[in-house]
Amino acid sequence: MKWSINEALSLVSRRYRFLLRSWAREAFLDIGERLHATIITTGVAGAPASFLHNALLQFYASCGCTRQARRVFDEIPHSHKDTVDWTTLMGCLVRHNVSDEALLLFVRMRRCGVKPDEVTLVCLFGGCARLGDLAVGLQGHGCMVKMGYGGVLKACNAGMDMYSKCGLIGEAKRVFDEMKGRSVVSWTVILDGVVRLEGVKNGRVVFDEMPERNEVAWTIMITGYVDCGFSQESFSLAREMICEWVHAYALKRKEKELNIMVGTALVDMYAKCGRIHVAYKFFKKMPQRNVVAWNAMLSGLAMHGLGRTALDMFPQMFKEAKPDDVTFTSVLSACSHAGLVDHGCFYFSNLESVYGTTPKMEHYACMVDLLGRAGRLEEAEVLLRKMPIRPNEVVLGSLLGSCSIHGKLQLGEHLLQELVQLDPQNTEYHILLSNMYALAGKQNRANSLRQVLKKRGVRKVPGMSSIHVGSQVHRFRAGDKSHPQTQEIYRMLDEMIRRLRLAGYAPNTASQIFAGCDSLEDDAVEEEKELAVISHSEKLAICFGFISTRPGLPLYIFKNLRICQDCHSAIKIVSKIYNREIVIRDRNRFHCFKEGSCSCSDYW
């Protein structure tokens, strides 16, 4: 039997497409690249009807190789590009943090007259959500309605998530209310938005209305309670979650799978509630552990500043589970919080070559934070500028924080300009730079920067500390006198400050700023600053804890902002004077104060 050239090429092409699809599922990048080289050298892909470029695009996109995928996409003749090809590249770009290019690709797709499908819209909304790009998101929503995809479940879910991530919870609710059918994912998306934008109380209303709850929904609520200082509610909800899981899965799943699920939930919950030693005990008692369980443990150790413990445990993980990108985020974060610069650089440099993980935004953020904290700001900035993806506000904000620690004012000014473009309503960065001006003796510029915020009507997020006592959450702001037990709290505060001074404490007022104090004498200004620092919210929460609990019991406090240097120094002494363990979770990590020292070793 004789084969014509066209028949032979068709047979070879079909075989190559089958291989590429198979290798894409397994992410066999090396083998696929060798086949790509063979396709080029033999000229098999010369005929457009071979559709090998389309298969190569799918392969590289599945392997997460954005550059190769883009190159192959550009080689496909326009007449042979369909909606699937455009969507494949868009999805690849969004998944690997190149969302800005994905949105530009969508615009180009529409100009070329290619009609998007529901999967295209899901990718588009995902990119808008990551970038917070409401303008393109609104266009995508209009496109969805016009093309008749307003009733498609996945597209609506992605649209809701986009609105939620852009801060428009009202628009997300409108999409939710107009949906004819809702899945558990739909409910979870709206729950996440409500908890983030309207608070955990409104979130609980949505949670209680959910006809079905998945693990993500439970996690959103428990984390929401923990972040707000509702530790009792978080424990109560976790117990309810475990009971429901046992009831729902006991008959359907093997005991091994159930043990892993429940054990992981307990490890994650105790770590996030400040009980890292309890979390570790549960982790060690788990009969089997998968990658999710290991990630929960390593992330918990990182949050608590136990970086060396995390790195000592990490090699053991390879015996039980294969690390993923979340694992390395936890490892690098552990290095950052513990100041283990060399270890962090080692893991980051070997991330792709040894461990087969493509660096993502989170990994770069950890490395910039690691180098910045260590005072290596030039290296941190070089890494930031060389990132293959555009740095987000987390990366830039991390470097700005390091500039504040090390007094790099000029770099801080440049970073603020970039941050304002990304998130103009975020006051934290302005306040940080204002404090840097004050520390550098440039009080006028510090006051001027705050006046700019005031004129724009942007208000600073107030520092707030929460403590759970007697089944109630008690919240305090700096100088707060609204609590029913204010007199007892301030009497305790006076006594605590007196004992602190006897132990050598002197208030650190360096970053305390009072606008409009130029007319006051220096001594008067300093006295006002001391009074303000002494009554910071965490100090008030500690004093309330002292008068409301038995001596010797640990205190658990949650703060929405980073703990200041003065409070950190003072609470170390307090823990020794009063023989109390005091655990404070600020916006970045846990601090466990005990016997005059902190778990962060003064590196935070």
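Me: Which residues is Leu124 in contact with, leaving aside its neighbours within four places in sequence?
Reply: In this predicted model, and with those sequence neighbours set aside, Leu124 is in contact with Met90, Leu103, Phe106, Val136 and Gly140.

Me: And which residues touch the most other members of the largest nonpolar core?
Reply: Leu124 is one of them, together with Ile190, Leu191, Phe207, Met221, Phe283 and Leu399, in a core that has 128 residues. The largest share of this core comes from helix α21 (residues 361-373), which gives eight residues.

Me: What lies apart from that core?
Reply: Another core, of 32 residues, lies apart from it, and its members include Leu493, Val574, Tyr578 and Cys598.

Me: Switching to strands, what's the order in the open sheet?
Reply: The six strands follow the order β2-β1-β3-β4-β5-β6, and their pairing is mixed.

Me: Why is one side of β2 and of β6 left without a neighbour?
Reply: Because β2 (472-477) and β6 (597-598) stand at the edges of the sheet, each has a single partner strand, and so one side of each has no neighbour there.

Me: How many bridges join β1 to β3?
Reply: Three bridges join β1 (residues 464-469) to β3 (residues 555-559), and these two strands run antiparallel; within this pair, Ile467 has Ile557 in β3 as its bridge partner.

Definitions and conventions:
Residues are numbered from 1 along each chain as its sequence is written. This is a predicted model: local features need pLDDT of at least 70, side-chain atom pairs count only at pLDDT 80 or more; totals for chains, interfaces and linings use all residues. Side-chain values use heavy atoms; hydrogens and water are left out. A nonpolar core is a set of buried Ala, Val, Leu, Ile, Met, Phe, Trp, Tyr and Cys residues joined through side-chain atoms within 4.5 Å. Buried means under 20% relative accessible area, exposed over 50%, partly exposed in between (1.4 Å probe, protein chains only). Helices (H or I, at least four residues) and strands (E, at least two) are DSSP runs, numbered from the N terminus. Contact means heavy atoms within 4.5 Å. Two strands pair if DSSP finds at least two bridges between them.
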